[in-house]
Structure formats: C-alpha cells, structure tokens
Amino acid sequence: MGQLQNFTKGFVKDNPVFVLLLGLCPALGVTTSAFNGLGMGLATTFVLVSSNIVVSLIKNLIPAKVRIPSYIVVIASFVTITDLVMEAYMPALFESLGLFIPLIVVNCLVMGRAEAFASKNNTWSAIVDGFGMGLGFSFALTMLGGLREILGAGEIFGWSLFAGDGMLVFVLAPGAFIGLGYLVALNNIVKERLERR
Amino acid sequence: MVLTLMIVAATASFTLATVYNLTKEPILRAREATRQEAIGMVLPGFDELRAMSFMPPTGSDSLEFNLAFKDGAFIGVAVGTYTGMGYSGRIRAMVGLSPDGKIIDVVHLEHAETPGLGDKIEKGKSDWSDQFQGFDPGEQVLRVRQDGGDIDGITAATITARAYCDAIDRAYQTFKKHHSDIINKKTE
Amino acid sequence: MEYIIIIIGAVFVNNIVLAQFLGICPYLGVSAKVSTSIGMSGAVMFVMTLATLVTFLIFNYILVPFNIEYLQTISYILVVASLVQMVEIILKKVSPALYQALGIFLPLIVTNCAILGVTILAVREDFGFNLLEGVVFAIGNALGFALTIILFAGIREHLELVDVPKGMRGAPAALVVAGILALAFMGFANLV
C-alpha cells in the first residue's frame with residue numbers, strides 16, 4: 001500500500017467515525033459546534049500521532065504479555081499532556097470539551113491504531129497512518145459539528161448564516177444521534193459510488 | 001517483563017511531572033486572566049482592587065469579594081459567587097455590585113449547562129443576563145417569574161435560570177450581611 | 001432520600017448514554033439482541049461500582065495528599081484495566097456460570113468510556129460526594145446504562161424486520177432510533 005493511500009484511507013473509505021464507528025462518544029458529545037468538533041479532532045490527532053510514533057519505536061523492546069498495559073500508559077501520558085497544555089493555552093476550548101479530553105484515552109480509535117497498525121509497521125508509516133486517521137476523525141467531527149451548528153443555531157464557526165434560532169433539537173442530545181445517523185448513511189452512499197467507479 | 005513495565009511507567013510519570021511543572025504557571029496565569037477579565041466586565045473603571053472573603057449566610061464555601069476603588073473612593077465590589085442548583089454541576093459567576101447594593105452586571109465564570117438551552121446564561125450566547133444590569137435586589141425580587149420573582153426565565157431551562165438567580169442572590173445576601181465590614185474596610 | 005435523588009438523576013435526567021454520550025461503543029455494538037445487552041449491563045454494573053470504589057479511595061487518599069492530581073487519567077485507566085483482569089480471573093475460579101454469562105464482555109469494558117467517565121465524575125469537586133454517595137452514583141449510572149441498552153436492544157430486534165432504505169440499513173437506522181430515544185428521555189428533564 002502506498003503512503004498516499006495510507007494517508008487518504010481515513011477520510012471516506014475507512015473513516016474512523018462514519019465507517020469503523022470508533023470514537024463515537026466524543027463524536028456525539030462535543031460536536032455542538034464545528035469549532036468544538038475541530039478542536040476535539042485535532043487534540044485526538046495529536047495523541048494518535050504521538051502514541052503511534054512511540055509505539056512503533058518501542059515495539060521490539062516490549063514483551064508481548066505486557067504490550068497492552070504499556071500502550072495504555074503511553075497513550076494516557078499523551079492524553080494528560082494534551083489536557084495540561086490545553087488548560088494552559090486554550091482555556092475556553094478546554095472548558096467546552098471538558099470530560100471528553102481525559103476520555104481520549106479510552107477512544108477505541110487510538111488504542112486500535114496503536115495495536116493494529118503502529119505495533120506492526122515502521123515509524124514513518126505509523127506517522128502517516130496517525131495523521132490520516134486523525135484528520136479523518138477531525139473531518140467527521142467538523143462535519144457533524146457544522147451540520148448541528150447550521151441546523152441548530154443558524155451559524156457556522158460562529159458566523160451567522162440566517163436570522164432566528166434554528167431547530168434547537170440539533171444542538172441538543174437527540175440531534176447528535178440523528179445527525180450522525182444521516183451522515184453515516186451519506187458516507188455509505190458516497191463510498192458505494194466511489195467503489196463502483 | 002515486570003521490569004519493562006516499570007521502566008515504561010517510570011518514564012511516563014517523569015515526562016508527566018515535567019510537563020506539569022512547565023504548564024503549572026501558564027494554567028494559573030490563564031485562570032487569573034479569566035478572573036481579571038470578569039472583574040473588568042462587571043465593574044466600571046477602577047484603579048485599585050482589594051480582595052477580601054466572606055462566608056455567605058447559606059452555602060459551604062466562602063465568597064471572594066474584590067473591592068474596587070477609583071481615586072481612593074469606593075465604587076463597587078465584584079463578588080465571585082456560586083450555586084449548586086445547576087442542571088449539571090456547579091455554576092460560578094462574577095457579580096458586580098454598586099456600593100448601595102444595586103447589580104451593575106453579571107458574567108458567568110464556569111458552568112456545564114446544556115448547550116443550546118442552559119448556556120443562554122453566557123453573555124456571548126444570548127442577551128438574557130442583561131436584565132440583571134441595574135437590578136436592585138433591595139426593591140425587586142431576585143427570583144424567576146415562575147417562583148414569584150422579577151426575573152424572566154429561560155425557555156426550557158428554568159432550572160438553570162433559577163440556579164443563576166440563586167448564585168447572584170448568594171452574592172447579594174453576603175454583601176448585605178457584611179455591609180458594615182465592607183464599608184469600614186474601604187477607607188483603610 | 002438523597003441517594004434516591006442521585007439514582008433517579010443518574011438514570012433518567014442525566015442519562016449516561018443519551019444525555020452524556022458515554023458508553024456509545026457498547027451501546028451500538030452489543031445491542032443487537034436483548035440477551036447480550038443484559039449480559040453487558042451486568043458486567044458494566046459490576047466493574048463500574050468496583051472501579052468507582054477503588055478510584056475514589058486512590059484519588060482522595062493518594063493523589064490529593066501528594067498533590068499529583070494530574071496523574072488521575074493514567075492511574076484511573078490502569079485501575080480499570082487491572083480490575084477487569086482481576087474480575088475475569090476471580091470469576092473464572094469462583095463462579096464459572098457467571099463467567100460464562102459475563103466473560104466475553106469483560107475485555108470490552110476496558111475501553112468503555114462510561115466506566116472511566118463515571119469514575120472521573122464521581123470525584124468532581126462540585127458534586128462533593130462522599131464515598132457512599134460516589135458508589136451510589138456509580139450504581140445509578142450503571143442502572144441508567146442497563147435501562148437504555150436493554151430498551152434499545154428491544155427496539156432493534158423489531159427494526160430487523162422493517163424494510164429500511166439501503167443506505168440507512170444497520171448503523172444509520174440504529175443511530176436515528178437512538179436519537180428518538182434521547183428525545184423521549186428529554187421528557188424527564190425537570191424530574192429532580
């Protein structure tokens with residue numbers, strides 16, 4: 001598999017949210033606006049790339065039996081670093097993402113890539129894979145956040161699109177599920193079209 | 001095997017301790033900046049602040065009073081207050097009171113209310129909290145209309161509106177209770 | 001009385017799945033049949049209660065006294081992971097029948113963010129829970145998880161028989177149903 005394919009697979013074909021259905025908790029929980037979605041996506045990308053690098057570097061030093069606990073420690077460390085750095089330099093975003101920052105550690109996407117990809121490939125591929133998957137995740141979260149923000153508040157990235165309050169339900173919890181449902185369906189259709197060609 | 005795990009854990013802890021020490025200062029600075037900004041928003045121009053703290057009549061934690069002076073004259077106080085009545089978790093707010101106890105303005109510091117409903121207490125999200133400007137708790141009732149007060153509630157988020165009133169009322173009641181202390185300390 | 005309010009609040013008002021968006025992976029993953037969702041609920045309740053008990057003690061008696069709260073995430077996830085391992089080993093020895101029922105769900109629980117989420121929430125300053133209240137909070141959340149996943153599995157069993165448009169089959173339809181369920185749960189909003 002070429003590096004380009006390795007990079008782009010995360011956007012449509014193997015999109016972590018729309019196809020693999022991984023990391024749905026943050027995908028639903030923080031996407032009340034496109035900005036929050038993007039922020040969460042980039043934070044996860046940072047953790048994903050960093051832990052992929054470390055895991056691919058130490059993969060030969062770790063005995064198979066303690067592989068998973070070691071990976072958990074590596075991931076949890078990067079999550080805590082993200083947590084501290086965000087609180088220091090982006091307090092507003094830190095406050096709106098709240099509980100979901102420490103919960104990056106149990107995002108199945110991060111553990112999944114460390115275990116399934118980084119532990120079997122060289123560092124360079126692991127970096128590309130981390131960026132591809134992370135940006136695919138960010139793409140999905142920004143899409144969902146944008147959809148909910150446009151329909152629910154009539155805004156995008158805080159820019160007002162039309163007057164009035166919009167359909168409030170899309171900002172609230174049910175809108176997250178319904179919005180994601182339709183985006184997954186849309187991705188299914190796009191993916192099928194691409195494959196048929 | 002155990003050794004490897006211990007090395008991994010030790011490296012991780014060491015890295016985290018380093019990052020923690022590096023970010024400790026900036027985190028405190030960011031928090032202080034939010035606080036200062038809030039004080040600036042609820043009080044008119046001042047050139048000196050003096051911090052005090054008082055226990056409220058109800059509630060477990062003391063409130064932070066920032067007495068503001070301009071050219072030596074007492075012009076108002078910014079009270080950092082809280083409520084436990086929020087829909088999800090504690091709400092904290094900064095309330096600006098004039099020396100005679102009228103509300104100058106209110107701004108939220110921290111909350112976890114539902115986005116789209118309860119977050120209308122934020123100044124950037126809605127002008128709901130503007131109704132507190134110039135509100136006189138001595139004359140009017142600091143409660144939502146549903147509870148027989150003079151504050152308009154938030155549609156579909158009564159709990160949040162009620163809680164916000166509770167936080168502001170806590171600031172006012174404490175101000176009233178310790179009024180003489182505050183007035184006397186002001187010229188020291 | 002306070003305990004009852006904590007439980008009602010956790011089950012209906014701030015439902016862990018439908019309002020807090022925690023534990024979505026198992027919620028969608030193991031809800032195809034009612035029987036498996038009951039098994040998962042049992043395992044979650046077991047681990048969530050135990051994990052909250054242990055992490056509560058660790059936080060208040062180790063992390064806070066030594067001023068190392070920033071190690072919360074890393075120590076919690078290790079506690080949850082080792083707890084799951086231990087429960088698995090003990091259950092295998094002590095009660096093979098229960099192990100049969102819950103065994104396959106236990107490894108999945110390590111990455112169930114509902115567990116980690118509840119353990120972090122239980123020590124949050126503004127709730128001010130004591131140990132017993134924290135544990136009750138965990139039980140309430142586990143009950144909320146059980147209620148929603150079993151309800152959802154019941155609906156999904158019926159959904160199998162419905163003719164859904166092609167693109168919407170599977171996950172999309174399940175997500176929309178979850179949205180409608182969340183809408184129904186919003187009706188509990190002013191309960192406590």
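Axes are lines fitted to C-alpha atoms, for helices over the stretch in contact, with angles from 0 to 180 degrees between N-to-C directions; helices are DSSP runs of H or I with at least four residues, numbered from the N terminus. The model is predicted, and local features need pLDDT of at least 70, side-chain atom pairs count only at pLDDT 80 or more, and totals for chains, interfaces and linings use all residues. Residues are numbered from 1 along each chain as its sequence is written, and side-chain values use heavy atoms, without hydrogens and water.

**View 1. Helix α4 of chain A against helix α4 of chain C.** The axes of α4(A) (residues 67-89) and α4(C) (residues 72-94) come within 9 Å and cross at roughly 150 degrees. That makes the two helices, α4(A) and α4(C), roughly antiparallel (angles over 145 degrees). I72(A), V73(A), A76(A), S77(A), V79(A) and T80(A) meet T73(C), I74(C), I77(C), L78(C) and A81(C) (contact: heavy atoms within 4.5 Å).

**View 2. Helices α7 and α8 of chain C.** The axes of α7(C) (residues 113-122) and α8(C) (residues 131-159) come within 10 Å and cross at roughly 150 degrees. V118(C), L121(C) and A122(C) of α7(C) contact F137(C), A138(C) and N141(C) of α8(C).

**View 3. The second largest pocket.** This pocket (on a 1 Å grid over the protein atoms alone, an open set of points where a 1.4 Å probe fits, with protein on both sides within 12 Å along at least five of seven lines) holds about 600 Å³. Among its 28 lining residues (an atom within 4 Å of a point), I68(A), I72(A), A81(C), P107(C) and V110(C) are the closest to its centre. α4(C) gives the most to the lining, nine residues.

How values were computed
Chains lettered and ligands numbered in written order. Parallel < 35°, antiparallel > 145°, perpendicular 65-115°, else oblique. Points joined across faces, edges and corners; volume = space filled by probe spheres on them.
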